[in-house]
Amino acid sequence: MIALASLVILLPFAAAFAGMLFGPLLSRLLRARGTQPGTTPEPATSPEPVPGVEPVPGVEPVPGGGPRVPEEEWRDAARAAERSPLRNGPALIACAPVALATVLAAIVAFGVWREPGARTGTLTLIPTGTVPIEVGLLVDGLAAVVGLMVCCVALAVQLYSVAYMAKDPRYSSYAAFVSLFTAAMLLVVYAGDLIFLYVGWEVMGACSYFLIGHHWEDRANSRAAVKAFLVTRLGDVGFLLGIIVLGLGAGTFTVEGVLARIPAMPDATVTAAALLLLAGVAGKSAQFPLHTWLPDAMAGPTPISALIHAATMVAAGIFVVARLYGVFLAAPAALTVLGLLAVVSMAGSALAALAQDDLKRVLAYSTISQLAVMAAGLAVGGNTAAVFHLLTHGAFKALLFLAAGCVILVAGSTMLRDYGGLRQGMPITFWSMTVGLAALVGVPPTSGWFSKDAVIEAAQHTALHGGELATGAAAGAAPPHLPGAVAWTVYLGLLVTVALTAAYAMRAWLMTFFGEPRGAYELREAPKLMAWPVAALAVPSAILGFFGLGSPELRPHVGAALLALLFAAAGGAAAFLVWNKDPALDPVRVLGRPVRTLFARGFFVDEAYAFTIVRPVRALAWRVAAFDGRGLDTFVVGAARGARRLAGPLRLPQNGNPQLYLTGLLAGIVVITAGVVIFL
């Protein structure tokens with residue numbers, strides 16, 4: 001089992017390096033072999049990587065992170081890609097290993113399901129002088145299901161990208177970084193040592209920087225990449241310190257060793273470690289107050305948005321809390337903080353999503369909100385429900401982003417105001433996205449209904465029992481508790497979020513697929529290489545919830561389910577009624593300009609950071625630079641000038657004239673001789 005898990009990680013890693021080194025070369029070889037004698041070779045559908053690619057003069061950047069070519073040429077290239085996928089070297093190198101890794105991950109998951117229990121394996125032990133680091137893996141039920149989800153989404157993204165990025169001149173490096181991104185997340189999932197986990201954690205951060213800024217020639221993209229990198233690094237400082245505190249306190253960095261030693265560790269140590277870990281979780285999983293990077297990350301290619309939001313980067317934070325859940329159960333203060341941050345993130349992001357004009361930003365704020373739902377589930381003791389929602393969310397959020405890419409490809413815009421009536425020409429995308437939005441809202445019997453109901457039931461249990469967590473306590477330990485007010489806040493926040501989610505999902509659905517077309521585009525389905533992965537993801541989005549019926553914690557509960565459906569129906573009906581009055585207008589207009597602007601700008605959190613942090617730091621930097629230029633540099637330059645002036649008279653005798661040197665020598669001899677004769 002450990003060997004198979006190792007291969008699941010290594011295959012995407014190998015694909016990343018092979019794609020970087022041999023992708024373009026393999027494309028040339030395959031195209032040459034596929035050309036019949038006496039015929040003219042067909043033109044390449046994807047040029048080789050060219051450093052410093054500039055946008056085509058007179059052509060606006062393609063929306064949705066597409067290649068910098070005219071939109072019509074982009075769509076034609078996407079359709080041409082499906083006719084010759086076997087001649088695309090980078091695509092073969094990227095897709096084949098991930099497909100094999102998906103099969104192996106499924107075998108691992110099946111093996112763990114047949115024989116539950118944790119399997120560990122250590123490759124080597126790295127001595128550090130204090131606490132050693134084990135390079136090893138841990139395969140249990142949590143790692144098995146999350147690893148399978150990561151592989152399935154990554155495979156769908158790689159297949160989809162063959163068409164979506166067909167005209168991109170840097171597709172080879174793009175596909176390689178996607179593979180490396182996937183491998184890094186799998187390392188986080190299967191790692192048995194916290195330091196080993198942290199390696200994958202940081203590699204993901206680097207990959208996100210390169211992929212979000214894939215079109216770095218566009219200043220907005222490069223700024224979004226830098227912002228994502230810096231904000232997540234800020235949280236990672238606390239995350240690393242939390243790992244160090246846990247490792248030193250437990251005497252080991254292994255996950256099993258840390259969890260086993262938690263009861264013997266001081267409460268202050270456990271609480272400090274848990275709070276430090278939450279800093280990294282807030283950064284990676286885009287939770288308040290470190291959430292601002294995720295909406296801006298929509299500047300990257302749409303398939304990357306699907307991978308980041310569904311299966312890698314943002315999922316990593318929630319996974320780590322679930323992996324180290326014993327640490328957080330022993331630190332009620334950390335669970336309280338997690339619950340409060342979750343409420344602010346889920347409700348605030350849902351309100352922001354309600355007022356966004358960009359379809360991708362609607363989905364981005366939706367991701368922040370849904371991750372907060374998972375965090376809320378963990379805070380109230382519903383760890384199984386939270387992990388289940390992580391799995392279902394991976395399916396329907398990947399579906400929604402890839403379906404959004406199909407819409408963007410056809411409509412040539414990311415703006416909801418440019419859509420309308422697309423269901424008539426895009427049946428696959430329409431029905432698939434309908435399933436995805438239904439799962440997002442929690443409409444029965446989609447997968448999101450089962451998982452979200454389980455989270456709400458756990459929150460309801462905790463609120464009604466005075467803050468006593470839904471999860472069981474360890475033998476001999478007191479049941480973990482949250483403050484009653486916090487428990488009720490989390491529960492009510494979840495219900496409000498359900499209504500808001502239904503409202504913004506209904507708005508996006510109606511404005512995209514219904515009404516009259518508001519843009520100049522031809523109604524037609526996306527290429528098969530894009531439509532098929534979308535349709536495939538609709539299957540788990542629809543039926544994955546039924547796989548949780550074997551667990552009592554994941555079965556629907558009548559009270560919680562009916563209450564959540566009532567809130568969802570209220571939110572969806574409100575959006576529909578406003579839209580139905582005038583389908584040509586945006587339903588969110590009823591909020592009024594001031595409120596809509598407040599929501600659309602994300603409550604001006606970015607502006608607040610700019611005013612309180614960015615501007616003071618820039619002002620300080622300017623002053624430091626001025627002091628360096630006028631103070632330190634003046635001192636250094638002045639010292640150099642003084643030395644030069646002092647050396648000027650001393651260098652006069654050293655003019656390179658041998659006659660002068662000889663004359664001085666003879667004069668010295670005469671003076672010395674005269675002195676001897678006169679004074680001696």
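Buried means under 20% relative accessible area, exposed means over 50%, and partly exposed lies in between, with a 1.4 Å probe and protein chains only. This is a predicted model, where local features need pLDDT of at least 70 and side-chain atom pairs count only at pLDDT 80 or more, while totals for chains, interfaces and linings use all residues. Residues are numbered from 1 along each chain as its sequence is written, and side-chain values use heavy atoms, with hydrogens and water left out. Here are some local features to look at.

**Backbone**
- F603 has a positive phi of about 60 degrees although it is not a glycine, and with a relative accessible area of 32% it is partly exposed.
- F604 also has a positive phi of about 60 degrees without being a glycine, and counts as partly exposed at 30% relative accessibility.
- F603 lies in the loop between α22 (593–600) and α23 (605–650); helices are DSSP runs (H or I, at least four residues), numbered from the N terminus.
- A cis peptide bond joins F288 and P289, with omega about 5 degrees, and P289 sits in the loop between α9 (267–284) and α10 (293–296).
- The peptide bond from P444 to P445 is cis as well, with omega near 5 degrees; P445 is in the loop between α17 (427–441) and α18 (447–464).

**Cysteines**
- The structure holds 0 disulfides, a disulfide being a pair of cysteine sulfur atoms within 2.5 Å.
- For C151, the nearest cysteine sulfur is that of C152, 7.0 Å away.
- C151 is buried, at 1% relative accessible area, and C95 is buried at 11% relative accessibility.

Note on methods: Helices (H or I, at least four residues) and strands (E, at least two) are DSSP runs, numbered from the N terminus.
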